[in-house]
Amino acid sequence: LVQFVLKQKERFGVMPKHVFLDTDIAFLRICRTVFMQHNLPSSLLRYALKDKINDRIKVLSSLIHTGKFVIDEKLKMVIQAVEDAVYDSKELEKSGKLVRLDVPRQNKNEINPVDFIDPIDYLVSWAIRVGKGFEF
């Protein structure tokens with residue numbers, strides 16, 4: 001995580017505004033300690049919370065239509081992930097919940113699959129809380 005933050009600072013010339021982490025309190029405490037050891041501001045660290053799927057969809061739809069959510073055309077893998085997302089229509093009818101059926105794409109440079117939709121979910125939940133638009 002420290003390497004990621006330092007790489008972003010090197011790449012863009014500024015620190016990230018936020019680094020969203022799992023809601024595990026022990027993990028957050030460890031990250032804060034490690035950040036302090038590396039002279040990084042622990043104020044960057046935030047809980048990554050997700051709101052209900054239907055709320056996220058409504059907010060994201062609104063943000064897209066008002067031009068407050070933009071996916072840069074260079075982010076082809078993100079666009080492809082959004083276009084390829086498949087949801088279980090039976091589960092939606094049964095419980096009213098959207099359940100994804102598609103499998104995240106394998107990034108050639110990584111061991112684990114990368115789910116490009118998951119970070120969008122976190123961004124939308126963050127936008128709901130702070131009431132702001134953003135570019136991705």
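Reader: Which residues of α1 are buried?

Author: The buried residues of α1 are V2, V5 and Q8. They cover an arc of only 130° around the axis, which puts them on the same side of α1. The arc is that of the directions from the helix axis to the C-beta atoms. Buried means under 20% relative accessible area, exposed means over 50%, and partly exposed is in between, using a 1.4 Å probe and protein chains only.

Reader: Before I go on, what kind of model is this, and how are residues numbered?

Author: This is a predicted model: local features need pLDDT of at least 70, side-chain atom pairs count only at pLDDT 80 or more, and totals for chains, interfaces and linings use all residues. Residues are numbered from 1 along each chain as its sequence is written, and side-chain values use heavy atoms, with hydrogens and water left out.

Reader: Fine. What sits on the other face of α1?

Author: The face turned away from the buried side carries the exposed residues Q3, E10 and R11.

Reader: And what covers the buried ones?

Author: The cover includes β1 and α2. Contact means heavy atoms within 4.5 Å. Helices (H or I, at least four residues) and strands (E, at least two) are DSSP runs, numbered from the N terminus.

Reader: What is phi like at G13?

Author: G13 follows α1, and its phi is positive, near 85°.

Reader: Next helix. How many residues does α2 have?

Author: Helix α2 spans residues 25–37 and has 13 residues. From first C-alpha to last, α2 reaches 19 Å, close to the 18 Å expected at 1.5 Å a residue. The expected span is 1.5 Å times one less than the number of residues.

Reader: Which of its residues are buried?

Author: In α2 the buried residues are L28, C31 and F35. Seen down the axis of α2, they fall within an arc of 60°, so they line one face of the helix.

Reader: Why does that spacing put residues on one side?

Author: An α-helix has 3.6 residues a turn, so residues three or four places apart point the same way.

Reader: And the other side of α2?

Author: R29, I30, M36 and Q37 are exposed there. Over the buried residues of α2, the cover includes α1 (2–12), β1 (19–21) and β2 (45–47).

Reader: Where is N39, and what is its phi?

Author: N39 is in the loop between α2 and β2. Its phi is near 55°, a positive value in a residue other than glycine. Most residues other than glycine have a negative phi. At 72% relative accessibility, N39 counts as exposed.

Reader: What about D24?

Author: D24 is in the loop between β1 and α2. D24 counts as partly exposed, at 39% relative accessibility. The C-alpha atoms of D24 and Y47 are separated by 8.5 Å, though these residues are 23 apart along the chain.

Reader: Last one. How many helices and strands in the chain?

Author: The protein chain comes to six helices and six strands. Buried residues make up 23% of its 136 residues.
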